[in-house]
Amino acid sequence: MFKKGTKLYSILSGSCPKCHQESMYTNTNPYNLYEALSMHEKCSNCKTKYKIEPSFFYGSMYVSYAVSVAFAVAAFVIAHFVFKAGINMVFVSIVGCLVVFMPIILRLSRNIWINIFMHYDKNLVKK
Ligand SMILES: [Zn+2]
């Protein structure tokens with residue numbers, strides 16, 4: 001399921017949505033905060049331009065809302081059902097989780113967003 005060629009692979013690894021050959025990001029570590037959202041302009045393998053239009057990635061904010069909610073729900077479930085935390089601790093866990101995972105949430109959202117518009121093409125893969 002996480003193999004190259006699946007959308008999930010591109011979304012989780014942040015690789016080029018068309019050829020899956022290289023990362024879209026200049027730094028593969030999202031916790032390097034200065035470069036968290038710094039992306040290559042195009043894929044050096046298949047020459048795909050990541051920014052389809054100038055404000056293309058603004059749309060990923062809608063996705064990041066959904067992804068944040070998913071993380072918040074996961075934090076709630078773990079804090080409430082696994083650790084039996086009280087309401088204050090549950091709240092702290094949710095906020096803490098969103099802050100800690102923010103770089104990952106932002107990247108995941110961009111990856112999901114771009115994968116809605118671009119699809120894997122195995123003909124672009126370097127042999
Ligand atoms: Zn590519």
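Lys47 counts as exposed because it has 11 C-beta neighbours inside 10 Å (a residue is exposed with 12 or fewer other C-beta atoms within 10 Å of its own, buried with 20 or more, and partly exposed in between, with C-beta atoms placed from the backbone). Its phi is positive, about 65°, although Lys47 is not a glycine. You'll find Lys47 in the loop between α1 (7–13) and α2.

Before going on, a word about what you're looking at. This is a predicted model, where local features need pLDDT of at least 70 and side-chain atom pairs count only at pLDDT 80 or more, while totals for chains, interfaces and linings use all residues. Residues are numbered from 1 along each chain as its sequence is written.

Now for the overall layout. The chain has 3 helices and 0 strands (these are DSSP runs, H or I of at least four residues for helices and E of at least two for strands, numbered from the N terminus). Along the sequence, that reads α-α-α. The C-alpha atoms fill a box of roughly 55 × 30 × 25 Å along the principal axes. Of the chain's 127 residues, 21% count as buried.

Let's turn to a helix pair. Helix α2 (residues 60–82) packs with helix α3 (residues 87–117) at an angle of about 145°, and their axes are 7 Å apart (axes are lines fitted to C-alpha atoms, for helices over the stretch in contact, and angles run from 0 to 180 degrees between N-to-C directions). Sorted by class, the contact of α2 with α3 has 18 nonpolar, 6 polar and 1 charged residues (Ala, Val, Leu, Ile, Met, Phe, Trp, Tyr, Cys and Pro count as nonpolar, Asp, Glu, Lys and Arg as charged, and the others, Gly among them, as polar).

In the loop between α2 and α3 sits Lys84. Lys84 isn't a glycine either, yet has a positive phi of about 50°. Lys84 counts as exposed because it has 9 C-beta neighbours inside 10 Å.

What about the inside? The largest nonpolar core has 8 residues, including Ile11, Val63, Leu106 and Trp113 (such a core is a set of buried Ala, Val, Leu, Ile, Met, Phe, Trp, Tyr and Cys residues joined through C-beta atoms within 7 Å). Its largest share, 5 residues, comes from α3. A second, separate core of 5 residues includes Cys19, Met24, Tyr25 and Cys43.
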